[in-house]
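Subject: Two-chain model for you to look over

Dear colleague,

I am handing over the structure below, and would be glad if you kept it open while you read. My notes on what was found in it follow directly after.

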Amino acid sequence: MAFPILSVIILAPLAGVLAIAVIPKQKLLAIRSTAATATFISLAGSVLICVLYDRVAGGMQFVEKLPWIQSIGISYTLGVDGISCPMVLLTGIVIFTGVLVSWSINERVKQFFINLLLLSVGAFGVFCSRNLFFFFLFYEIAVLPMFLLISIWGSGDKYYGAYKLTLQKIGGSVLVFIGILVLYAVSGQNSFEIAALARADYLISVQKILFVVLCFGFGVLALLWPLHTWAPIGHAAAPTAASMFLAGVSMKMGAYGILRVAIEILPEGAKAMMPYIAVLAIINVVYGAIAAMAQTDFKYIVGYSSVSHMGLVILGLATLNWVGISGAVFQMFSHGIMTAALFALVGLVYGQTHTRDIRELGGLATKLPIIAGVFILAGLTSLGLPGTSGFVAEFLVFMGAFKAYKVITVLAIIGSALTAVYVLRVVRRVFFGPINKKWENLNDATAFEMVPLVILAVTQVFFGIYPGALISLINLGAKAIAIKTGGGLL
Amino acid sequence: MRMAALIPEAIVFVTALLVLLLGVLLEEKQKTYLSFLAAVGIVFAIAVEILLKNASFPLYNNILLIDPLSVFFKVFFLVVALFIIVISYQLVEDPDYVGEYFALILFSTLGMMVISSCGELITMYVGLGLVSLPLYALVTRSPVIASANEDSYKGKEAGIKYIILGMLSTAVLLYGLTILYGLTGTLVVEEIYHNLTGPITHPALILSFAFVLMGFGFKIGMVPFHTWVPDTYEGAPTQISAFLSVASKAAGFVLLLRIFVGALMGSRVYWIPMVEILAILTMFLGNLAALSQDNIKRLLAYSSIAHGGYALVGIAVLSEMGISGTLFYLITYGCASLCAFTVVIVVFNAIGSNEIKDYAGLYKKAPGLAIALTVSLLSLAGIPVFAGFAGKFYVFASAAYGKLYTLLVFALLNGAISLYYYLRVIKEMYTSEPSSEEAISVSPVFKVVLWIESIIVLLIGVYPWIFIRITEDVAKSFLAGF
C-alpha cells in the first residue's frame, strides 16, 4: 500500500490536538510550537500532493480506501483530483498562517489552539473525502470549535455572532443531510461513495429538486444570497484566526460542496437549475459590493467583500463550462488567500488600536508601512488587478460566464468594478490622509508577524504571475466535470 | 438443556435475594459491599448471556423466546444496570435502605430481562409489573436521610405522579390485550400474528392497537403519554432518572418489538402512519419544551422524550435497516445519556444544584467533567464524531431508504432545533465566569466511569460498525420470524 499522505494531512492537526492536550497549560511556547509543527506537516503534505499529482494521468489520485460500515456502503475513501488539490493547499496555507498570527494570544492558549486545529481537520477532511458519510462528518466537525472560538475569544456582540453562525450553518447542514440521504435512497446503489452515486441514473425531476436542496444547503457556507447573513456578523465577532479560517476556508467548503456533490452527482439538475442560481450569484456580487461601500467597520467591509467575491465563485460554477469552473476554483483559492491576508492585517491593526472604525483610523501608512503595503497588495488582488491571482480568477470566471449568460455577466463585471470603490476607499481612509494623534505610537509588524504576511503576499503574486502552476491542475478536474454537465470547453 | 438459557435470570434473581437478605443481616459498615456484590452478580449474568449469543429457540411452548433480540436487550439492560449500580455506590445514606435499593434495581432489571424474552401476553404483563413496581419504590423513596432535605418533597411528588400514571397506562394496556385475546382466542404472540393476517375491518382491533401502543408509549415517554417524564426525572434520585431514561425507555422499545410488532406485523399498513405521526409529535414536543428549561435534569428529560421520537423512526420504517437503526440508536443514546447523567450526579454532589446557571465556568472548576458533559451533549445533538451522529445518520438513512421523506425532514429539523439548547449548557460551562473558584474534586470511581463512558461515545462515533454489525444480525433474525 502506498504512503497514506492524505490521511497524514488530515490527521496531523488531530495529533497536534492530542499532543497539546497533554502539555501543561503554562508551557505556552510548547503549545504554540506544537500547533505550528502540526499545521506545518499538513502544509508540507498539501504542497507535496500539488507537486506530485500526476498531471498526465489526471483523475483521482493518492486514493485510500478502508471499509467502514459495509452493509450500507460506507467506506473511508480519500482521494484528490485537480479541484481538491488547490483546496487542500489553500487550507494548509490558511491554517498555518492562522496559527502564526495567533501567536500573541494570551488567554486560554491551550484551548484556543485545540479548537483552531480541530477546524482544519474538518476542512482537510471535506476536501479529501470521496465518501459522503465522511464528507458530511468532516463538514460538521467544526461546529463546536467555531462556536467556542467566537464565543470565548471573540469581540463585540460575540454570543449573538456565535449562535447566528452556528444555527444558520446547522440549518444548511440539515438540507445537505436530507440531500445526501435521499441521494442514497433513490440511487439504488446502496453506497455513499461519490463515484458510485455519480454513476446512478436519476429522474430529471428528482435531479432538480435534490440539486436545489443541496445547493441551498451548501449555499449557507458559500454565502449564496440570501443565506449569507451570518458572514459579516460572524466575522466581526470572531478572533483573527477564526475569521481567516471562516472566510478563507469555510466558505470554500460550501462552494466545493456545490461542485463536488450537487453538480458532479446531479449534472442534469444543475443544467436545469443553474440559470436561477446565477441570478442569485449576481445579486451576491452587486449587493455585497454596495453593502461593503456603506460599512465603517473594517471587518464588516471585508465580510461584505467576501459576499461579493463568493458571488463570483458561484457564478463561475453556474456556467457549468470548463473555463468558468476553472475560474471559480481559482477564485476560491485566490479569494481564500487574499481574504485571509486582509483579516490577518485587520487583526494586527485592531490589536494595537482597539478600534475597527475606519473613520477613526487614518494615515497609518506612515507608522505601519509594511502592514499598509501588504494590505494594498491584498486590496489589489481583491479588485482583480493584473499581476495578482485575483485578475486571473476573475478573467476566467467572466470568460466562462459570458458564454453562458451574457446579461448577467455584464452586470457582474459592473458589480465587481465596484470592488475598486470600496477597496480604495478603505485604503485611503485607513492608511493615508492626516494621521490621528492617538496613533502616533503604533508599531509596525515585527519580524515574526511578517512571516505569515509574507507567505500570503507571495502566494498572491506568485499565482498572479504564474497561474499555470495551479491552472494546469484545476483544468484537469474542471474538464472532467464540464464533460458531465455538457458545458463544453467554453 | 435449553433451560440453561435462563441462567442469567437465575443469577440476577439470586443476587437480588442475597442483597436483600444481607441488607438486613450485615453490620452498617459492611453494607458498602452490597453494591459490589450486586455488580459482581450482574457481571456474571452478562458473561453467561454473551455465551448465548447464537442461541435461538422457544421455551415452555413459546412463553419465553431465546433469540438474538432477547440476548441483545438483556445484555443492554444488564450493562445499564451495572453502570447505575456503580454510580450509586455512595448514594444511599440511610443504612436501612442500602439492601433494598440495590435489590430493587436488580429486580427491575430482572423484569426487563423477562420482557425481552416474552412470547406470550401474561408473561409480558407479569414481567412489566416486575419492571415497574421496584421503579415506583425507587423513585419515591429518597436514599438520603431525610433531615431538612427539601428534595424529598419533590421526590414524593415525582413518585406519586409516576405511580398513578403508570397504573393508568398499565390498565389501558391490559384492556387492549384483553380485546386482542378476545378477537384471536390466544395469548401467544406468534399465534396472534398468524390469526391476524387478513385485512383489518373490526373496529375493536383498531381500539386494541391504540390501547397497546398507549401502554408501551408510556414507558417510552411518547407524546401524549410523556407528562410524567420531566417531573419524575427531576424529582427522582439522579441515578434512578438515568435508569429510567435509558433502561426503562429501552424496555418500552423491546415491548413494542416483541408484542406490538410481533403480533400486529400483518396489519402494519394500518398502524405505521400512527407511529409516524406520534414519532414526529414526540420529537417536536421534546425539543421545543427543552428550549426553555433552566434545570439540567428537566432539560435531559425533555431531550430524552425527543430521543424516544428519533428511535421510533426505525420502528416506523420497519425494514431490517430500520429495526437495526432503532437498536443502534438506543445504544448511542444510552451511552451519551448515561454519561450526561453521571456528570450531573457529580456536579450535584459538589455544588448541590441542578440549575444550568450553576454550571457556569464548570470548565475552570473541573475540566474533565466539562469535557465529559460536552462529549455527551454533542453526541445527543448528533454532532460528529460522537456516537449520536452515527446513530442519527444510520436511522435516518433507513428512513430515507424506506421512502419516509416527511419523517426524515421533520427528524432532521428537530436535530437542528436541539442543538440550540445543548449549546446553551456548553456555553455556560466554557464562557461564563464561575461563581466560586473552588475546584470540584471527582472521586476515582466516577473518574473511571466517566472515562469509560466518554471513550465509548467517541469510539462508537468513530467506528460504528462494531455495534451496527450486531444490531443488523439481531434485526435480520427478528424479521426472519415473519
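B:Asn62 sits in the loop between E1 and E2 of chain B, where helices (H or I, at least four residues) and strands (E, at least two) are DSSP runs, numbered from the N terminus. Although B:Asn62 is not a glycine, it has a positive phi of about 70°. B:Asn62 is partly exposed, with 16 other C-beta atoms within 10 Å; on this scale a residue is buried if 20 or more other C-beta atoms lie within 10 Å of its own, exposed if 12 or fewer, and partly exposed in between, with C-beta atoms placed from the backbone. In the loop between strand E1 (57-59) and strand E2 (64-66) of chain B there is also B:Asn61, again not a glycine and again with a positive phi, here of about 55°. B:Asn61 has 9 other C-beta atoms within 10 Å and is therefore exposed. For background, most residues other than glycine have a negative phi, and most peptide bonds are trans.

Before going further, please note that this is a predicted model, in which local features need pLDDT of at least 70 and side-chain atom pairs count only at pLDDT 80 or more, while totals for chains, interfaces and linings use all residues. Residues are numbered from 1 along each chain as its sequence is written, and chains are lettered from A and ligands numbered from 1 in the order in which they are written.

In chain A, the bond from A:Trp225 to A:Pro226 is cis, with omega near 5°, and A:Pro226 belongs to the loop between helix H9 (204-219) and helix H10 (230-237) of chain A. In chain B, B:Val223 and B:Pro224 are joined by a cis peptide bond whose omega is about 0°, with B:Pro224 in the loop between helix H8 (203-220) and helix H9 (228-235) of chain B.

A:Lys65 stands opposite A:Thr77 in E2(A), and A:Leu66 stands opposite A:Tyr76 in E2(A). Four residues lie between the strands of this hairpin, and A:Gly73 takes a positive phi near 65°.

Turning to helix packing, helix H3 (residues 84-101) and helix H11 (residues 240-265) of chain A pack with their axes 8 Å apart and at an angle of about 170°, where axes are lines fitted to C-alpha atoms, for helices over the stretch in contact, and angles run from 0 to 180 degrees between N-to-C directions. That angle makes H3(A) roughly antiparallel to H11(A), since angles under 35 degrees count as roughly parallel, over 145 as roughly antiparallel, 65 to 115 as roughly perpendicular and the rest as oblique. Residues that make the contact include A:Leu90 and A:Val94 of H3(A) and A:Met244 and A:Phe245 of H11(A).

In chain B, the axes of helix H3 (residues 68-87) and H19(B) come within 8 Å and cross at roughly 140°, so that H3(B) is oblique to H19(B). The contact is made by B:Pro68, B:Leu69 and B:Phe72 of H3(B), together with residues of H19(B) including B:Ile470 and B:Val474.

Finally, 28 residues of chain B are in contact with 25 residues of chain A, two residues being in contact if their C-beta atoms, placed from the backbone, lie within 7 Å. On the side of chain B that touches chain A, helix H16 (387-401), helix H17 (405-431) and helix H19 (465-480) of chain B each supply at least two residues, and H17(B) gives the most, with 13 residues. By class, that side has 23 nonpolar, two polar and three charged residues, where Ala, Val, Leu, Ile, Met, Phe, Trp, Tyr, Cys and Pro count as nonpolar, Asp, Glu, Lys and Arg as charged, and the others, Gly among them, as polar.

With best regards

Technical notes: Two strands pair if DSSP finds at least two bridges between them.
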